[in-house]
Amino acid sequence: MRVFIAGIDGYLGWPLALYLSANGHQVAGADLLLRREWVAEVGGVSALPIASREERLTAFKEAFGVELDFRVGDLTDYDFVTRCFQDFQPEAVVHLGQMPSAPYSMMDQAHCVWTQQNNVVNNLNILWAIKELAPAAHLIKLGTMGEYGTPALDIPEGFFDVEYRGRKDRLPFPRQAGSWYHQSKVHDSHNTHFASKIWSLKATDIMQGVVFGARIPEMGGDPRLRTRLDFDQCFGTAINRFCCQAVIGHPLTLFGLGRQKRGFLPLTDSMRCLRLALENPPDAGEYRVFNQFENAYSVAELACLVKEAAADIGLPVEIRRYENPRTEMEEHHYNPDRQHLLDLGYEPTRDLKSVIETMLLDLLEHRGRIEAHADALIPDIRWDASRKRSEVIG
Ligand code: USQ
């Protein structure tokens, strides 16, 4: 299948290009390389060195024997998007090309507005380009489990049955996002649902949990094929940050009580799930929602798992609680469904500890990069838009 990946230079986009190419798909993509700039802006660096676009293209050609059509351009520029679609004629579009960080979007007015403009406008451009140039293409749009927030109800996959004043309907499940970034994904979900209804588009909206890890087998031993792994307060996500902290002997930074729960999944599972969605498209006019995660865990459970994995390879680790810079529930009900992907054959990775161990071993080789940017580990971006470094509270 001809698959266009919007955001092909990113944490997920690059490995997806490798994974789909290794599994018989023809891939092309676009990226403005902004993730590299945002991470530098917030004082971070990828803990694992990553190759430049040019080096990636050379390594791709060596690994797969074909040139990768990887264009540098802005998805908020409609002419750029339409040129890509005219040239490549995609049969599917995986949209990963957005600003993905909650703290980055909470920094100030400019970062909030930029995040929403960028994300909402580029998703609208992709919807219009599909409608005008590739109406049979299947859009796989990366949303987030964070769109649902943490309601006191179980979380279904997108829709639920409601009875109100004696009448029944099947309605979108309420979205109660917890950051300006997560809100941008809610707007995208509404826009994607509406577009699929009026234009009979095929769309899968992926409510993905927090991804961790940096390796997929398709990278082989070639360091130029690696993906990035961030640890700063904005682009580093929980388990990735904990592993980076563990290898430099920094305490693991639990925010608040650490009892907040989220869905998590290894990078390999994210790739497998996206492929399952791609190879099992919906019907024309169908907008479906997949919740995509291995399982739900509290952040403290995962910090303990990182501590255990680190102990197995001889690294002593301390877990500390820090003032929570976010406004979020720290103790709550959390029971989301994830049946749709299981029905398509998703077999969740069970041994998370060995994924974490591999990550720790990879990171140990590059610990100097983390040590040199250790200031980026402690958050100072607060949800009330003030700036103050979080102190240890336990
Ligand atoms: N947390 C800590 N300590 C840390 C970092 C995070 O306790 O050092 C806690 C946070 O307070 C939060 C939870 O861990 O309760 C998850 O935070 P995160 O930074 O790992 O993830 P989040 O901000 O929710 O965003 C990430 C990705 C985003 C994706 C989302 C999926 O950056 O692109 O949409 O995960 S989900 O969390 O399901 O919404």
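## The ligand and its surroundings

An oxygen atom of the ligand is placed 2.9 Å from a polar backbone atom of Gly 146. This is a polar contact, a term used for a pair of N or O atoms within 3.5 Å; within protein, one atom must be able to donate a hydrogen and the other to accept it, and residues adjacent in sequence count only if both atoms are side-chain atoms. The structure is a predicted model, in which local features need pLDDT of at least 70 and side-chain atom pairs count only at pLDDT 80 or more, while totals for chains, interfaces and linings use all residues. Residues are numbered from 1 along each chain as its sequence is written, and side-chain values use heavy atoms, with hydrogens and water left out.

The side chain of His 182 has an N or O atom 3.1 Å from an oxygen atom of the ligand. A nitrogen atom of the ligand lies 2.6 Å from a backbone N or O atom of Thr 253. In total, 22 residues surround the ligand, and the closest are Pro 100, Thr 144, Ala 238, Thr 253 and Glu 328. A residue is counted here if one of its heavy atoms lies within 4 Å of the molecule.

## Helix α8 and its partner α10

Helices (H or I, at least four residues) and strands (E, at least two) are DSSP runs, numbered from the N terminus. Helix α8 covers residues 238-247 and helix α10 covers residues 299-312; their axes come within 10 Å and cross at roughly 35°. The axes are lines fitted to C-alpha atoms, for helices over the stretch in contact, and the angles run from 0 to 180 degrees between N-to-C directions. The crossing of α8 and α10 is right-handed, a term for the near helix being turned clockwise from the far one by less than a right angle, with left-handed used if anticlockwise.

Which residues make the contact? On the α8 side they are Ile 239, Phe 242, Cys 243 and Ala 246, and on the α10 side they are Val 299, Leu 302, Ala 303 and Val 306. Contact means heavy atoms within 4.5 Å. These residues divide into eight nonpolar, no polar and no charged. In this classification Ala, Val, Leu, Ile, Met, Phe, Trp, Tyr, Cys and Pro count as nonpolar, Asp, Glu, Lys and Arg as charged, and the others, Gly among them, as polar.

## The covering of α8

Helix α8 is mostly covered, as nine of its 10 residues are buried. Buried means under 20% relative accessible area, exposed means over 50%, and partly exposed lies in between (1.4 Å probe, protein chains only). Among the buried residues of α8 are Asn 240, Arg 241 and Gln 245. The buried residues pack against β9 (210-212), β10 (252-255), β11 (261-266), α10, α12 (352-364) and α13 (367-371). After α8 comes Gly 249, whose phi is positive, near 75°.

Lys 141 has its place in strand β5, residues 138-144. Is Lys 141 buried or exposed? Lys 141 counts as buried because its relative accessibility is 0%. The side chains of Lys 141 and Gln 98 are joined by a polar contact of 3.2 Å. The C-alpha atoms of Lys 141 and Val 289 are separated by 9.7 Å, although these residues are 148 residues apart along the chain.

Thr 204 lies in strand β8 and is buried, with a relative accessible area of 1%. Leaving aside neighbours within four places in sequence, the contacts of Thr 204 include Lys 141, Ala 277, Pro 282 and Phe 290.

## Ser 21 in helix α1

Ser 21 is found in helix α1, residues 13-22. Ser 21 counts as buried because its relative accessibility is 16%. A polar atom of the Ser 21 side chain lies 2.6 Å from the backbone oxygen of Ala 17. Apart from neighbours within four places in sequence, Ser 21 is in contact with Val 27, Phe 60 and Phe 64.

Ser 200 lies in the loop between α7 (180-199) and β8 (202-208). Ser 200 is not a glycine, yet has a positive phi of about 55°; its relative accessible area of 41% makes Ser 200 partly exposed. Ala 385, in the segment after α13, is likewise not a glycine and has a positive phi of about 70°.

Leu 153 lies in the loop between β5 and β6 (159-164). Leu 153 and His 333 are 180 residues apart in sequence and 7.3 Å apart in space, C-alpha to C-alpha.
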